[in-house]
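Here is a briefing on one protein chain. Take a look at the model, then read on.

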Amino acid sequence: GDILDDYLRTDGIWILTRNKQFYRTNNEKECAEKCEAERNFNCRAFLFTRKKLQCLTLAENAKMTVTFNSTDAVLYEKKIYLLQCKRGIGKDYRGMEAKTWRGIPCQKWAEKAPHKPNYTPEKHPNAGLEENYCRNPDEDVNGPWCYTTDPDTRFDYCNIPECEGQVTHTREGECMQCNGEDYHGEVSRTESGLECQRWDAQEPHMHGFTLKHFPEKDLKMNYCRNPDGELRPWCFTTSPTKRWEYCNIPRCTTHPLLSALGSQCLSGKGEDYRGSIAITESGNACQRWNTQFPHRHGWIPDRYPCKGLEENYCRNPDGEKRPWCYTINSSIRWEYCAIPHCDGTEPGTAGMSSDVPMQVPLSEECYQGKGQSYRGTTSITVSGKKCQAWNSMFPHRHEKTPDRFPNADLRDNYCRNPDGDSSPWCFTTDPSVTWEYCNLKRCDDHTQE
């Protein structure tokens, strides 16, 4: 298999670590090879930056240190070091449990007191004998163990749960189509083995994915789901340090019959439109979905196999008001397309008044102070991206909902400043850019009327 299959990928994250090595590599695979071959320390993860083509092998992962956002970075963590459970006798267990089943702290493998160990990091360099973590270097049938810090107890076993006893894998015959939007299985662990948080709970992570707001998304128990059009099913985790994670659901080998779903005309929002119109309503030609020029974007056809992102045809992959496309005009990022309605009315006329809020001349074209009182209808960011609706969780899930900020006027997708930032902002509808400030100027007291 692919070397990267053994790693958990997280985009836009950087971690602080003391032990690291810098390398120049051309891609993530080469960086993974450096991590596998690292001899200066035990490589648990690596960071790769696309712009600089820089590779950093790391002795620590996100569970062990501080993380912060970094747009250009991609963090790859070895899955084996993230698992909280053991498979079989736990020979490959590399978790961080460091006490026996009775609660007695473990002795460090490199120390000689209170017990002189037979198993040391020098004698068994591939057994993961770091710190005082529970391990199974001698393939004991009873599972991971450690020397204890109790002088009267030389060693004892650790209480590591079985991965097989938790629902980390799908039942036989259970798989997902497309991006798993219709997955209704019972997997309730993430791909690194963390237990999922119940959808009806708000601890340890507060969120807006409730049955009340998403009645049709089957948010039962703590089962993995894909309510917001992510790449695949996911869940919030019960770990306070990991907000959410993907689940390991295999893709079905047989594909659904998409031709029956494809429509050549516009009905509803046009999410099933599969026609070949490739020009916007103002006459701009559409950019091909599989290119990143002139506009970079996250709607990559390989990632979304059932969205019909072929050629440069107008589509509606994100639940917009109607089909749209990125344009080949570098100054116009995207526009709606004029698709004929299935009921025979003219394209772009039926439902316009109710479906598409027009950008009318604004009574507020600037904001005062930090813009917390701004109530205009601008919904475009500084780089020309359109804003995501505040009550939507797609493409970005968030906690800035109208329910939580009742006084912030979080209507539609208008620019607002609910959290006291430096100026009005919004989440964007571009999956690769979470949020941006809005295309607004601060009011100048001398010219304001």
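Among contacts in the protein chain between residues at least 6 apart in sequence, what percentage join residues at least 24 apart? The share is 61%, with contact meaning heavy atoms within 4.5 Å. This is a predicted model, in which local features need pLDDT of at least 70 and side-chain atom pairs count only at pLDDT 80 or more, while totals for chains, interfaces and linings use all residues. Residues are numbered from 1 along each chain as its sequence is written, and side-chain values use heavy atoms, leaving out hydrogens and water.

**Overall make-up**

- The protein chain has two helices and 15 strands. Helices (H or I, at least four residues) and strands (E, at least two) are DSSP runs, numbered from the N terminus.
- Of the 449 residues in the protein chain, 46% are buried. Buried means under 20% relative accessible area, exposed means over 50%, and partly exposed lies in between (1.4 Å probe, protein chains only).
- The protein chain exposes about 23300 Å², and carbon and sulfur atoms supply 49% of that area. Accessible areas come from the Shrake-Rupley method with a 1.4 Å probe; for residues, only the protein chains shown count as cover.

**The five-stranded sheet**

- Five strands form an open sheet in the order β1-β5-β3-β4-β2, with antiparallel pairing. Two strands pair if DSSP finds at least two bridges between them.
- β1 (7-15) and β2 (20-24) are the edge strands, each pairing on one side only.
- From one strand to the next, the twist averages 25°. Axes are lines fitted to C-alpha atoms, for helices over the stretch in contact, and angles run from 0 to 180 degrees between N-to-C directions.
- β2 pairs with β4 (residues 54-58) in the antiparallel sense over five bridges. Phe22 stands opposite Leu56 in β4.
- Helix α1 (residues 28-37) lies across β1, β2, β3 (45-49), β4 and β5. Its direction is about 150° to β3.

- β3 is mostly covered, with five of its five residues buried.
- Ala45, Leu47 and Thr49 point one way from β3, while Phe46 and Phe48 point the other way.
- Five bridges join β3 to β4, and the two run antiparallel. Ala45 has Leu58 in β4 as its bridge partner.
- The hairpin of β3 and β4 has four residues between the strands, and Leu53 there takes a positive phi near 50°.
- β3 also pairs with β5 in the antiparallel sense, over five bridges. Phe48 stands opposite Val74 in β5.

**Salt bridges**

- The count comes to 24 salt bridges. A salt bridge is a side-chain nitrogen of Lys or Arg within 4 Å of a carboxyl oxygen of Asp or Glu.
- Arg44 forms a salt bridge with Glu130, with the closest N and O atoms 2.6 Å apart. This pair links distant parts of the chain, 86 residues apart: Arg44 is in the loop between α1 and β3, and Glu130 is in the loop between β5 and β6 (145-147). Both Arg44 and Glu130 are buried.
- Arg243 and Glu399 meet through their side chains in a salt bridge (3.0 Å, N to O). They are 156 residues apart, with Arg243 in the loop between β8 (234-236) and β9 (244-246) and Glu399 in the loop between β12 and β13.
- Why does Arg243 count as partly exposed? Because its relative accessible area is 26%. Glu399 is partly exposed too, at 29% relative accessibility.
- Arg288 forms a salt bridge with Glu311, and the closest N and O atoms are 2.7 Å apart. Both residues sit in the loop between β9 and β10 (324-326), 23 residues apart.
- Arg288 is partly exposed at 37% relative accessible area, and Glu311 is partly exposed at 39%.

**Surface points**

- Leu16, Val66 and Phe68 form a nonpolar surface patch, with about 270 Å² of accessible area together. Patches are made of residues with over 30% relative accessible area and no salt bridge; like charges are joined within 9 Å, and nonpolar side chains (Val, Leu, Ile, Met, Phe, Trp, Tyr) within 5 Å.
- Phe68 is in strand β5 (residues 67-78). Its relative accessible area is 36%, so Phe68 is partly exposed.
- Val382 is in the loop between β12 (366-367) and β13 (425-427). Val382 counts as exposed because its relative accessibility is 53%.
- Leaving aside neighbours within four places in sequence, Val382 is in contact with Glu436, Tyr437, Cys438 and Asn439. Val382 and Glu436 are 54 residues apart in sequence and 7.0 Å apart in space, C-alpha to C-alpha.
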